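Let's take a friendly walk through helix packing and aromatic pairs. Have the viewer ready and follow along.

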Amino acid sequence: MAKDLYGMLGVQRTASADEIKRAYRSLAKKYHPDQNKDNAAAQEKFKSITAAYDILGDAEKRKAYDAGAIDADGNKKAQFHDGFGFGGGGSQQERRQGGRWNFDGGGSPEDVFQDLFGNFGGAFGGGQPGGGTRSEGFRPGRASGGQDAKYEITVDFLDAALGAQKKLSLQGGKTLSVKIPAGLKDGQQIRLSGQGDPAPFGGKAGDALITVHVRSHDVFSRTGKDIRMTQELDLETAVLGGKVTISTIHGSVVLKIAAGTSSGKTVRLRGKGIAPKSGPAGDQLVTFAITIPPEDDALQDAVRHWVKKRKTTKQAA
């Protein structure tokens, strides 16, 4: 029994070009080799529906097929003549290979697949918001690209803030060296070209997509490029002033504290925040919290004396 190209795509002979294209898209997603690596039947099905779309997806070939000028395999029948719309100085060039007619130019299978798979997005391990390459879909006459492989890695706060080199162990014992750029945020993704799944038919390997998670820190937090922390001050330093050692992500610094510093006051250490590869560095914001000694009788007596003296001074005024 002769093959019915319309039946292979599940459409009526009266289907529009858009209906045929939508039907092929749906079937191609289902039977694509990248989705069925170990399923030979699915791969053969994909080849069959692709061959059907090669003809029905091209207006001139479909017209020739409907008129009986070419068969379901694209072979020229005896009644075929150049005046039908393929040759005779037309815009497409034809070449005959082993009894089958193939076409170069705007209606080539390569162009058809570029249009189709360029719109599939992430259906076969494709790209992410923000751009980047994706694994290539199967195309007639060329090898299929490998799928992108997704991984996750967790790094310390300071490694993400300052940048670091980390090792990522993959299945099979393979290890990847992952460069963590300074200022990487929790949930951001790193792409390593060619480190994904190998191509099933010898094409280009996919990419490795690594989502980075950042551990919280006991002292530091971040807002954009700025680092935030809370620094405890003893009562003596807060009242009389003095010097304290402040930790930053770049090391320790000595900070002069003004007399009469209150809890909640924030000072800015310029350039002590995250320093990205390009652009100015952020700052470190230090908020003070005054600590009061518990149940110190001498301190309490001194405060009572200070309060009494202050009230007397106000009354005299």
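## Where two helices meet

Which residues in α2 meet which residues in α3? Keep in mind that this is a predicted model. On the α2 side they are Ile 20, Lys 21, Tyr 24, Leu 27, Ala 28 and Tyr 31, and on the α3 side Ala 42, Lys 45, Phe 46, Ile 49, Thr 50, Tyr 53 and Leu 56. Sorted by class, this contact has 10 nonpolar residues, one polar and two charged.

## How the helices are arranged

Two packed helices are described by the angle between their axes and the distance between the axes. Here, α2 spans residues 17–31 and α3 spans residues 40–56, and they pack at about 160° with axes 9 Å apart. An angle over 145 degrees counts as roughly antiparallel, and α2 and α3 are therefore roughly antiparallel to each other. The crossing of α2 past α3 is left-handed.

## Two aromatic pairs

How many aromatic pairs does the structure hold? There are two. In one of them, the ring centres of Tyr 6 and Tyr 65 lie 6.1 Å apart with planes at 40°, so this pair is tilted. It links distant parts of the chain, with Tyr 6 in helix α1 (residues 5–9) and Tyr 65 in helix α4 (residues 59–66), 59 residues apart. Tyr 6 is buried at a relative accessible area of 1%, and Tyr 65 is buried at 11%.

The rings of Tyr 24 and Tyr 53 have centres 4.5 Å apart and planes at 10°, so that pair is stacked. Tyr 24 in α2 and Tyr 53 in α3 are 29 residues apart and link distant parts of the chain. Both Tyr 24 and Tyr 53 are buried, and both belong to the α2–α3 contact.

Key: Residues are numbered from 1 along each chain as its sequence is written. This is a predicted model: local features need pLDDT of at least 70, side-chain atom pairs count only at pLDDT 80 or more; totals for chains, interfaces and linings use all residues. Side-chain values use heavy atoms; hydrogens and water are left out. Axes are lines fitted to C-alpha atoms, for helices over the stretch in contact, and angles run from 0 to 180 degrees between N-to-C directions. Helices (H or I, at least four residues) and strands (E, at least two) are DSSP runs, numbered from the N terminus. Angles under 35 degrees count as roughly parallel, over 145 as roughly antiparallel, 65 to 115 as roughly perpendicular and the rest as oblique. A crossing is left-handed if the near helix is turned anticlockwise from the far one by less than a right angle, and right-handed if clockwise. Contact means heavy atoms within 4.5 Å. Ala, Val, Leu, Ile, Met, Phe, Trp, Tyr, Cys and Pro count as nonpolar, Asp, Glu, Lys and Arg as charged, and the others, Gly among them, as polar. Rings of Phe, Tyr and Trp (its six-membered ring) pair if their centres lie within 6.5 Å; planes under 30 degrees apart count as stacked, over 60 as edge-to-face and the rest as tilted. Buried means under 20% relative accessible area, exposed over 50%, partly exposed in between (1.4 Å probe, protein chains only).
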